[in-house]
Amino acid sequence: MQIRIDDYSDLKDVKKLYRKAFPTAERKTFFMILAKASTGESEILVFSEEGRFAGFAVTLFTADPVLVDYFAVSESRRGAGLGSEALKMLFGRYSGKRVMLLAEEENAKARNQAQRVKRIRFYLKNSMSDTGVKVSIFGNRFRLLSYPRKVKAEDYIELNARTMGEMFIKLTLTRAC
């Protein structure tokens with residue numbers, strides 16, 4: 001598998017998977033993602049295998065830590081270890097930095113409860129740690145996970161404030177504790 005910064009040749013595949021993999025309530029506008037990538041505060045990374053699109057990640061970063069804002073593997077490629085390999089490639093790309101991401105919190109009433117449990121198990125199996133921090137964004141609850149060292153709620157808030165702006169934090173973040 002290969003990882004590279006998207007040179008916009010896979011943008012159509014990235015956008016299609018982005019819309020399919022993430023519910024509307026969890027998506028930033030694609031224009032915002034492209035704008036952040038153009039400033040150097042974000043990367044749109046593409047994973048490919050044998051020249052075929054396999055998935056993507058969108059990261060936001062400062063010196064440390066790095067936020068994996070979005071991470072998805074193509075549906076047709078899931079279950080073959082590509083997600084684990086892609087995650088390890090992300091860790092390698094940002095070696096020496098703490099990597100964090102949000103995963104939907106388990107909720108027995110959620111329509112996708114099984115998917116939420118499976119996703120958190122996947123991240124924990126792949127060396128991420130649960131920080132114990134819960135984040136609420138527009139009423140959606142998430143667990144903050146990190147690798148290789150734990151991050152705090154303040155790390156998450158500060159990174160978003162620096163890269164997305166204070167107004168973004170005020171409008172989206174309901175709670176981090």
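**Entry 1: Lys 28.** I started with Lys 28 and found it in the loop between helix 1 (11-21) and helix 2 (30-39). I kept in mind that this is a predicted model. Is Lys 28 buried or exposed? I looked up its relative accessibility, which is 13%; buried means under 20%, so Lys 28 counts as buried. Next I asked which residues it touches, leaving aside neighbours within four places in sequence. My list for Lys 28 reads Tyr 18, Ile 33, Leu 60, Asp 69, Tyr 70, Met 164 and Phe 168.

Entry 2: I then checked how helix 1 and helix 2 pack: their angle is about 130°, and their axes are 12 Å apart. That makes helix 1 oblique to helix 2. I noted the crossing of the pair as right-handed. From helix 1, Leu 11, Val 14, Lys 15 and Tyr 18 meet Phe 30, Ile 33 and Leu 34 of helix 2. I sorted the residues of this contact into six nonpolar, no polar and one charged.

**Entry 3: two sides of helix 2.** Which residues of helix 2 are buried? I wrote down Phe 30, Ile 33 and Lys 36. Looking down the axis of helix 2, I saw these buried residues fall within an arc of 125°, so they line one face of the helix. Phe 31 and Ser 38, on the other side of helix 2, are exposed. I also looked up what covers the buried residues of helix 2, and the cover includes helix 1, strand 2 (42-49), strand 3 (52-61), strand 4 (66-73) and helix 5 (153-164).

Technical notes:
Residues numbered from 1 in each chain as written. Predicted model: local features only at pLDDT ≥ 70, side-chain atom pairs only at ≥ 80, totals over all residues. Heavy atoms only, no water. Helix = DSSP H or I, 4+ residues; strand = E, 2+ residues; numbered from the N terminus. Buried < 20%, exposed > 50% of the residue type's maximum accessible area, 1.4 Å probe, protein only. Contact = heavy atoms within 4.5 Å. Axes fitted to C-alpha atoms, helices over the stretch in contact; angles between N-to-C directions. Parallel < 35°, antiparallel > 145°, perpendicular 65-115°, else oblique. Left-handed = near helix turned anticlockwise from the far one by under 90°. Nonpolar A, V, L, I, M, F, W, Y, C, P; charged D, E, K, R; others polar. Arc of directions from axis to C-beta.
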